[in-house]
Amino acid sequence: YAAGAAVPRPLAVGDNAILMGYCGDEHMAAPTLNTVELETGKARTLFAEVLRNVELMMRHGLIHGDLSAYNLLYWEGQITLIDFPQVVDYRANPSAYNVLRRDIERVCEYFAAQGVECDSQVITDRFWQQFMGRINLNQAADASWLEVDQE
């Protein structure tokens, strides 16, 4: 939230729970995006916002792990990401690529049905290269340093 993600505001933290802000009004909670049909222009804008949030999470080493239109709320023209128990640290999880791919595929399925052109494989690979490419280069640099030390 503090980093600018489209997530509910945290209100309180307990031993194993976080109380998050409410999204909606006194008459109705915000619906999940899977129940909403969007005009293509609005869908494109929201798709870009979802990808901005995926990138922001990855900048912090995280992948949502269950991202889909079922875990995106829609209220007053904006989206809010929810449901984070499956979040993974992509730097430590050997299945991280597949988790990211599944998240992107699910998001693309919904937005493609709303008229947005998207290629989930291209998007997944772009994010993976952007973030894991740096880690792999750093690991290679660390390994080459070890080889120099051993000579």
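## Inside and outside a predicted model

Asn-53 is in contact with Ala-5, Ala-6 and Leu-81, leaving aside its neighbours within four places in sequence. This is a predicted model. Asn-53 sits in helix H1. Is Asn-53 buried or exposed? Its relative accessibility is 2%, so Asn-53 counts as buried, because buried means under 20% relative accessible area.

The largest nonpolar core holds 38 residues. Leu-33, Leu-38, Phe-111 and Phe-127 have the most contacts inside this core. Which helices and strands each supply at least two of its residues? They are helices H1, H2 and H3, along with strands E4 and E5. H1 gives the largest share of the core, 9 residues.

Phe-127 shows who meets whom. Not counting residues up to four places away in sequence, Phe-127 touches Leu-51, Val-54, Glu-55, Met-58, Leu-100, Ile-104 and Met-132.

| Element | Residues |
|---|---|
| Strand E1 | 10-13 |
| Helix H1 | 40-59 |
| Strand E4 | 72-75 |
| Strand E5 | 78-81 |
| Helix H2 | 96-113 |
| Helix H3 | 120-150 |

Next, the surface. Val-13 lies in strand E1. Why does Val-13 count as exposed? Its relative accessible area is 67%, and exposed means over 50%. Val-13 forms a nonpolar surface patch with Ile-18 and Met-20. Together, Val-13, Ile-18 and Met-20 have about 290 Å² of accessible area.

Methods: Residues are numbered from 1 along each chain as its sequence is written. This is a predicted model: local features need pLDDT of at least 70, side-chain atom pairs count only at pLDDT 80 or more; totals for chains, interfaces and linings use all residues. Side-chain values use heavy atoms; hydrogens and water are left out. Patches are made of residues with over 30% relative accessible area and no salt bridge: like charges are joined within 9 Å, nonpolar side chains (Val, Leu, Ile, Met, Phe, Trp, Tyr) within 5 Å. Accessible areas come from the Shrake-Rupley method with a 1.4 Å probe; for residues, only the protein chains shown count as cover. A salt bridge is a side-chain nitrogen of Lys or Arg within 4 Å of a carboxyl oxygen of Asp or Glu. Helices (H or I, at least four residues) and strands (E, at least two) are DSSP runs, numbered from the N terminus. Buried means under 20% relative accessible area, exposed over 50%, partly exposed in between (1.4 Å probe, protein chains only). A nonpolar core is a set of buried Ala, Val, Leu, Ile, Met, Phe, Trp, Tyr and Cys residues joined through side-chain atoms within 4.5 Å. Contact means heavy atoms within 4.5 Å.
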